[in-house]
Structure formats: C-alpha cells, structure tokens
Amino acid sequence: MQLDNTAALVTGGASGLGAATAKALAQRGARVFALDLEDGIDKAPEVPGVTYVSADVTDPGQVGAAVAVAAGSGAALRTVVSCAGIGPSARIFGKKGVHDLALYAKVVQINLIGTFNVLALAAETIAATEADEHGQRGVIVNTASIAAYDGQVGQAAYASSKGGVVGLTLPAARDLAQYGIRVCTIAPGIVETPMLATVSDEYRGRLAAGVPFPRRLARPEEYAQLALSIVDHDYLNGETIRMDGALRMASR
C-alpha cells in the first residue's frame, strides 16, 4: 500500500516505539498524527511531517476526535499503528500482599481495551474512504509483546493484556477484510525504550546477553522498520510477528 499523500495515526507517538514509527512514516510521505497524553507531548521533539494530538486511548470521545483530525487533513487515513501502553510489574501474591486489582484493570484498560478502541474507531473511518485499484483501504498494526507467550514473574497484568492483543489480531483481520483493511500485530522482545531508561547499564547488559542473535537490545527504529514493512506487504494479514532476536525467555 502506498503511503505518500496519505494520513497515518500513531498512538504513543511522543516517545519510544511510537515516536520512531511516526518519524519513519513521515519520512515516507505520510501526514502523521501522533497521539499521546499531554505530558508526553510536552516533552516530544518537533518532527517534520508529524502533528501531535493529545488523546487518551481509553477514551472513545478523545480517540474519535483524533481520528477526525487525521481524516480531515485532506489526505485519506490509511495507516494506524498502536504503540501506547504501560508495563508496571507486580506479583499476584508476594511480600506486598495481593496484586492490586485496580492496577491489573488499568494495564488491561490501556494496553488491550485502548488498542481495541483505536482499532474500532479508526476502522470505521478508514472503511468510508475510497479503495485503491486493489480494493485496499488501509492497514492497522497493533503492538503486543513476547510477554504474551513468555510472561515473566511480575508480568501477570502485562502478559494478560498483550495476550489479548495477540488474540484480537485474527478476528479483527477477518472482521475488517470486507472493507479492505488489514490487521497485523508486532510482538517485540526487549527494546531500548523509555521503559528501560531507569535500569542500570549492567542490568541492560544482562538482558542483552540473553538474546541469541543479535546479542543486543532491539532499537525502536527496528520496530518502525517492521511496521512499515507490514504496510508495504499487501499479503500480510491476521498475523502476529515476533521481533525478538529469537529470544525465548526463561521463567526466571
């Protein structure tokens, strides 16, 4: 699918995976609308071709308004990449007691329900656009994690939410096929994002040493490269692709 002179929506677009993807889409000629919370946008750098829009992915009204901004840009909305998410750690039961139910619900609300909210509202708008000569109208790329398959100690909430994104992928692709909309998911391994900024170099080194090859952490730009490859590859649909350097994380 062609990106030039189309509109694209990227959630979590002010930093990390989302920022790298927004920049890459803009460099390919798309008019990019990067959704994030106001605090994130305040810290985000100016990027040519990227317009920041304040929105909470769990709020249908805010997401609907952001989709309308992209759709009203004068270019057809064709691409959506959902990167917004959180990953707090807590054991189901431990020294601090039972896992806080509100925290569990918040992780699922943002990572899974937020992803679905963006997908559904964007799909409605994309479906109303004119199809290209191949019947295509758009592509939606969601973000899971290898935690969906190899969830670690303390990742009950995160793994649940990302497992839900994986489970959403195929039925979403089937639901939206009649409108010429493809749906795929990327399941990254350990990526050098702001989520890792608070840990020591020594700890990052241990994480990198566990990756079979290449023996390093992934870069946000590599996620962006894969997202654009999915956009480009018209026959990829309903698939979750691991981007993890062949990492299969042990239980501890």
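Start with the surface. The chain of this predicted model exposes about 12200 Å² of accessible surface (Shrake-Rupley method, 1.4 Å probe). Carbon and sulfur atoms hold 54% of that area. Residues are numbered from 1 along each chain as its sequence is written. Local features need pLDDT of at least 70 and side-chain atom pairs pLDDT 80 or more, while totals for chains, interfaces and linings use all residues, and side-chain values use heavy atoms, without hydrogens or water.

Next, colour by secondary structure.

Now select the largest nonpolar core, 31 residues. Such a core joins buried Ala, Val, Leu, Ile, Met, Phe, Trp, Tyr and Cys through side-chain atoms within 4.5 Å; buried means under 20% relative accessible area (1.4 Å probe, protein chains only). Show Leu25, Val32, Ile186 and Tyr223, which touch the most other members. Then show α8 (220–232). The largest share of this core, seven residues, comes from α8.

Zoom in on Val32. Beyond neighbours within four places in sequence, its contacts (heavy atoms within 4.5 Å) include Ala8, Val10, Leu25 and Val50.

Pick Leu35: its bridge partner in β3 is Val53.

Where does Val53 belong? Val53 is in another core, of 28 residues, which also includes Val57, Val67 and Val183.

Note on methods: Buried means under 20% relative accessible area, exposed over 50%, partly exposed in between (1.4 Å probe, protein chains only). Helices (H or I, at least four residues) and strands (E, at least two) are DSSP runs, numbered from the N terminus. Two strands pair if DSSP finds at least two bridges between them.
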